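User: I would like to learn how to read nonpolar cores and pockets in a model. Please take me through the structure below.

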Amino acid sequence: GTLNVSLFAGFTPGDGDAFAVVTYASMSGAFSHVQLPALSGGLGWSYDPGGTAVTLTSQSGLPAVGFAVASQGATEDVGSIVIETSLSAAAAADVIVPFTVSGTASDPADYTITASPITIPAGSLSTDISLSVVNDGLVEVDENVIVTMGTPINAAAGTTTVHTVDISDVTNLTITGPEIVDGAFVTAQGINSASDLTFAGSGEC
């Protein structure tokens with residue numbers, strides 16, 4: 001299930017504030033998703049599901065987690081792309097990093113991506129999100145995938161929390177015929193410029 005925690009309007013936790021958000025006599029298993037409110041001032045949430053309660057503590061001094069770079073580009077025939085997520089220092093507990101995906105490209109028609117959240121194991125410095133790009137053979141405009149990091153667990157949010165992947169189309173349109181006179185036709189096929197067209201025969205665009 002999902003544990004979704006929010007703060008009362010206007011309330012800002014301080015360093016070391018602890019909250020027992022769920023209490024129980026016993027618990028088996030774990031929450032598959034934990035959604036926490038964002039913290040500022042370099043604070044992060046430490047998460048303890050042990051004992052008889054799930055306890056959240058707003059804490060300074062946690063390692064910062066973020067994307068290694070803010071953006072990268074690739075062509076549609078690249079196959080797969082790695083989005084590295086890294087820590088400023090190794091953490092004593094597993095770091096859980098949720099994320100959302102947006103952009104002009106569509107899942108699964110244009111790509112598939114690792115499911116959220118990802119985990120950086122205790123003692124490790126990084127893990128990867130894998131983006132598999134679909135070469136669909138269609139002539140289309142360039143597209144992008146935007147990955148936005150949510151509030152991490154057992155780490156503070158780093159500087160780079162949004163990563164954009166720009167995907168360039170590689171499919172050329174070959175037109176055989178005497179002449180193209182309807183410019184609207186070219187636009188409707190997703191052609192941006194004459195460099196996107198390959199002609200066999202004579203004619204003009």
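Analyst: What follows covers the cores, then the largest pocket. This is a predicted model, in which local features need pLDDT of at least 70, side-chain atom pairs count only at pLDDT 80 or more, and totals for chains, interfaces and linings use all residues. Residues are numbered from 1 along each chain as its sequence is written, and side-chain values use heavy atoms, with hydrogens and water left out.

User: Which residues have the most contacts inside the largest nonpolar core?

Analyst: In soluble globular proteins, nonpolar side chains tend to be buried together. A nonpolar core is a set of buried Ala, Val, Leu, Ile, Met, Phe, Trp, Tyr and Cys residues joined through side-chain atoms within 4.5 Å; buried means under 20% relative accessible area with a 1.4 Å probe, protein chains only. Here the largest has 24 residues, and Ile129, Val145 and Val147 have the most contacts inside it. Another core, of nine residues, lies apart from it and includes Tyr24, Val34, Trp45 and Val54.

User: How much space lies in the largest pocket?

Analyst: Rolling a probe the size of a water molecule over the atoms shows where empty space is left. A pocket is an open set of points on a 1 Å grid over the protein atoms alone, where a 1.4 Å probe fits, with protein on both sides within 12 Å along at least five of seven lines; lining residues have an atom within 4 Å of a point. A volume is the space filled by probe spheres set on the points. The largest pocket holds about 230 Å³. It is lined by 13 residues, and Ala30, Phe31, Val34, Tyr47 and Ile96 are the closest to its centre.

Conventions:
Buried < 20%, exposed > 50% of the residue type's maximum accessible area, 1.4 Å probe, protein only.
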